[in-house]
Amino acid sequence: MLRGIASGMRYLSDMGYVHRDLAARNILVNSNLVCKVSDFGLSRVLEDDPEAAYTTTVSSQTHVNMGGKIPIRWTAPEAIAYRKFSSASDAWSYGIVMWEVMSYGERPYWEMSNQDVILSIEEGYRLPAPMGCSVPLHQLMLHCWQKERNHRPKFSDIVSFLDKLIRNPSSLNILVEDVLGMPESPGDTPEYHFFVTVTEWLDSIKMGQYASNFMAAGFTTLDLVCRMSIDDIRSIGVTLIGHQRRIVSSIQTLRLQLMHIQEKGFHV
């Protein structure tokens, strides 16, 4: 499915079009799971220069442009800040679509407000891998989410990369939750939000209702939380699959955060 979406976007890019509203909701799927990109209400043609960017007029307060509201959670930072839309900003959106597919339809950034999403992205935050996501696929997401748009992969590169994975399915066997830390995103090392207590961390991901479950089971420090598996999360009473996925994804980010601290010589 991801390969089909990327192939459709490669075609649009080669034809000189920028979609501007690439999201899972705008993908049509037939009975054979063939995916087609749809909803071109915000699309624009980039004449002559394939590296060009389309600039629109937008209110910074309402995030509304002449073609309608900007889908903040799917939009590249330069498109939000400077109204610069290009195939590179579509590549950012494609990374979000990948995350939607691999998370089975979770809402990107969960209950965070649009303003919090903008600020977090600017500070270097990137969505953690969904539960069950392979390392190569999350690494591709991180490539799509590079701050410098010229460093993001082109859709032809994305299709080529996915073709290699399809031809070598064993490369998809290593899941992010099976390793202590994920490969770092290319470019600058992201800065993560730091938490002191387990309760603070749970509150930050809107899972504060499980604080007593963690405490009662003895997971009283972030170091202990980072060692938890999906079975541990189920055993303490987190039964909703969506909540399990959110907690697992955030634990993966915590692991990266703690590794980053340790590499700099600090202690938690």
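## Salt bridges

A salt bridge is a side-chain nitrogen of Lys or Arg within 4 Å of a carboxyl oxygen of Asp or Glu. This structure is a predicted model, where local features need pLDDT of at least 70, side-chain atom pairs count only at pLDDT 80 or more, and totals for chains, interfaces and linings use all residues. Residues are numbered from 1 along each chain as its sequence is written, and side-chain values use heavy atoms, leaving out hydrogens and water.

A search of the whole structure gives 7 salt bridges. One of them joins R152 and E78, at 2.8 Å from N to O. R152 sits in the loop between α5 (135-144) and α6 (155-167), and E78 in helix α2 (residues 77-82), so the pair ties together parts 74 residues apart in sequence. Helices here are DSSP runs (H or I, at least four residues), numbered from the N terminus. R152 and E78 are both buried (under 20% relative accessible area, with exposed over 50% and partly exposed in between; 1.4 Å probe, protein chains only).

## Two more pairs

E122 and K147 also form a salt bridge, at 3.2 Å from N to O. This pair links distant parts of the chain: E122 is in helix α4, K147 in the loop between α5 and α6, 25 residues apart. Both E122 and K147 are exposed.

R227 pairs with D223, their closest N and O atoms being 2.6 Å apart. R227 counts as exposed because its relative accessibility is 59%. D223 has 36%, so D223 counts as partly exposed.

E106 lies in the loop between α3 (87-102) and α4 (114-122).

Leaving aside neighbours within four places in sequence, E106 is in contact (heavy atoms within 4.5 Å) with W99, E100, G242, R245 and R246.

## The cavity

How many cavities of 30 Å³ or more does a search of the whole structure find? The search finds 1. A cavity is a set of points, on a 1 Å grid over the protein atoms alone, where a 1.4 Å probe fits but cannot get out; lining residues have an atom within 4 Å of a point. The largest cavity holds about 70 Å³ of space.

Its lining includes E106, W99, R245 and R246. Helix α11 (241-263) and α3 each supply at least two lining residues. The largest share, 3 residues, comes from α11.

Conventions: On a 1 Å grid over the protein atoms alone, a cavity is a set of points where a 1.4 Å probe fits but cannot get out, and a pocket is an open set with protein on both sides within 12 Å along at least five of seven lines; lining residues have an atom within 4 Å of a point. Grid points are joined across faces, edges and corners, and a volume is the space filled by probe spheres set on the points.
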